[in-house]
Amino acid sequence: MRTPVNSPFTPGSDTIPAVWAGRVDQVMDWVNVVRPRRMRGIAERGRTILGEAGLGKSALVRRIAHLAQEGGDWVTPQLRIPSGGDPMKVVAQAVLDLANQAGLAVAREERVRNVVERVRAVAVAGLSITLDRHPGPEPFTALTALLTEIGARAADAGKAVLIHIDEVQNISGAQALSQLLIALGDALVYERTIVAPGGLQVRQALPIAVYLTGLPEFAETTVTCGGATFARRFATTVLEPIEQADLTMALSGFVLEGWELADDAGGTHRIRMSQEAAALIADLCCGEPFLFQLAGERAWFAGISDEITIDDVREGWATVRTEATAHVERILTRLPTKERRFLEAMAALPAEQRSATNIAKAMGLADASKVGQAAQRLDTMRGIVDRGKPYTFRHRAIEAYLTSSWPRVEA
């Protein structure tokens, strides 16, 4: 029997959902590119995963981190940066925990002990450590030094180090962001010299991987604080909604063999889902991982039988229709006025007439040049539209909200 306690759907919790959909490219990037290159001592950039709310950025990197941890690598927890908080304190404490795992807290070398003590001071004082009462190197210097010590220990142990910093758009102040990005970037490009078989000296990068996740605005912030240096040290991906085929694939296990649950008699039974119910969930969520988990959860809650029906999906979705509406409205409300007006004007046009010129005219502007910057931001920075011929929506939930009766569903 399905109950709220045994539901495999987990909307909005930043945990790794049991029912996983899509994001294969990003997961395999860790498996096939980032980790193998770093473990071979080959330089590889950090990863910045950006996107609008609800696209599963944090859950994606937590899944990558879980894979790393299962393989024995050294992994930080999800380091969430609060609005206005000092990121150096948060990261310094996590790096100290990694240092303990690496055995550096009890190291005998005076140099290492001094670095650990300095980072302990950063974990307490943050950026204010640079005041006279805390003489010594800048916080970023101490953090880089300890990260490279951890990386060297990890390399010797055959481990990778993965650091995940979340909500990076909340880092306020150029000094805080600059110090953090320099510390992480310097650790990523650091190379040590080892003696290879035959006495040959070889320089190798350390097995350190850094993942930053947050809202798209972070990309603009790095232009002023990091610029070209940040771009060289971090590769940025702007997430888009999940493809319909990937959503269908994620639910295929329910349709074909059922989701296995333990029963009260010490055995197991399976919860199945009709093909029509799975198709409706995939359609309703418009590629949004948050809405996918929400629709699946509420369909699960809508009954107790061993089959989730299309009526269960409809009934469950009706209970969260307002929440789905609010989810899209929050995204639109965050946008600058001109970008929101652009989307509204674009949505009001027939699909085949969505050109920059026509959108500008619909906004009451003279020509396409007046909307060029807004269109560029909505495309390259936010991933909401595609400036093709004609323009199209990438963000399917925004498109549905602006052009149809979604999130309503016919009974």
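Colleague: Before we start, what is a salt bridge here?
Modeller: A salt bridge is a side-chain nitrogen of Lys or Arg within 4 Å of a carboxyl oxygen of Asp or Glu. Keep in mind that the structure is a predicted model.

Colleague: Which residues are linked in a network of salt bridges?
Modeller: The network joins Glu 52, Glu 217, Glu 220, Arg 334, Glu 339, Arg 377 and Arg 382.

Colleague: Take Glu 339. Where is its place?
Modeller: Glu 339 sits in helix α13, which covers residues 337-348.

Colleague: Is Glu 339 buried or exposed?
Modeller: Glu 339 is buried, because its relative accessibility is 3% and the cut-off for buried is under 20%.

Colleague: What does Glu 339 touch, leaving out residues up to four places away in sequence?
Modeller: With those left out, Glu 339 is in contact with Ala 374, Arg 377, Leu 378 and Arg 382. Arg 377 and Arg 382 also belong to the salt-bridge network.

Colleague: How many salt bridges does a search of the whole structure find?
Modeller: The search gives 27 salt bridges.

Colleague: Give me one. What does Asp 312 meet in a salt bridge?
Modeller: The side chain of Asp 312 meets that of Arg 2, with 2.7 Å from N to O. This pair links distant parts of the chain, 310 residues apart. Asp 312 is in helix α12 (residues 310-334), while Arg 2 is in the segment before α1 (24-39).

Colleague: Are Asp 312 and Arg 2 buried or exposed?
Modeller: Both Asp 312 and Arg 2 are buried.

Colleague: And Arg 35, which residue does it form a salt bridge with?
Modeller: Arg 35 pairs with Asp 73, and their closest N and O atoms are 2.7 Å apart.

Colleague: What about Asp 311, which residue is its salt-bridge partner?
Modeller: Asp 311 forms a salt bridge with Arg 314, where the closest N and O atoms are 3.4 Å apart. Asp 311 and Arg 314 both lie in helix α12, three residues apart, or about one turn of the helix. Arg 314 counts as partly exposed, at 25% relative accessibility.

Colleague: Changing topic. What volume does the largest pocket have?
Modeller: The largest pocket has about 660 Å³. Its lining has 34 residues, and the closest to the centre are Asp 14, Gly 54, Leu 55, Gly 56 and Phe 290.

Colleague: Which elements give two or more residues to that lining?
Modeller: They are α2, α11 (289-301) and α12. By class, the lining of the largest pocket divides into 15 nonpolar, eleven polar and eight charged residues.

Colleague: And how much space lies in the second largest pocket?
Modeller: The second largest pocket holds about 210 Å³. It is lined by 13 residues, with Arg 23, Asp 25, Gln 26, Pro 241 and Asp 246 closest to its centre.

Colleague: Which element gives the most to the lining of the second largest pocket?
Modeller: α1 does, with three residues. The elements giving two or more are α1 and β7 (234-238).

Colleague: How do the residues of that lining divide?
Modeller: The second largest pocket is lined by five nonpolar, three polar and five charged residues.

Key. Residues are numbered from 1 along each chain as its sequence is written. This is a predicted model: local features need pLDDT of at least 70, side-chain atom pairs count only at pLDDT 80 or more; totals for chains, interfaces and linings use all residues. Side-chain values use heavy atoms; hydrogens and water are left out. Helices (H or I, at least four residues) and strands (E, at least two) are DSSP runs, numbered from the N terminus. Buried means under 20% relative accessible area, exposed over 50%, partly exposed in between (1.4 Å probe, protein chains only). On a 1 Å grid over the protein atoms alone, a cavity is a set of points where a 1.4 Å probe fits but cannot get out, and a pocket is an open set with protein on both sides within 12 Å along at least five of seven lines; lining residues have an atom within 4 Å of a point. Grid points are joined across faces, edges and corners, and a volume is the space filled by probe spheres set on the points. Ala, Val, Leu, Ile, Met, Phe, Trp, Tyr, Cys and Pro count as nonpolar, Asp, Glu, Lys and Arg as charged, and the others, Gly among them, as polar. Contact means heavy atoms within 4.5 Å.
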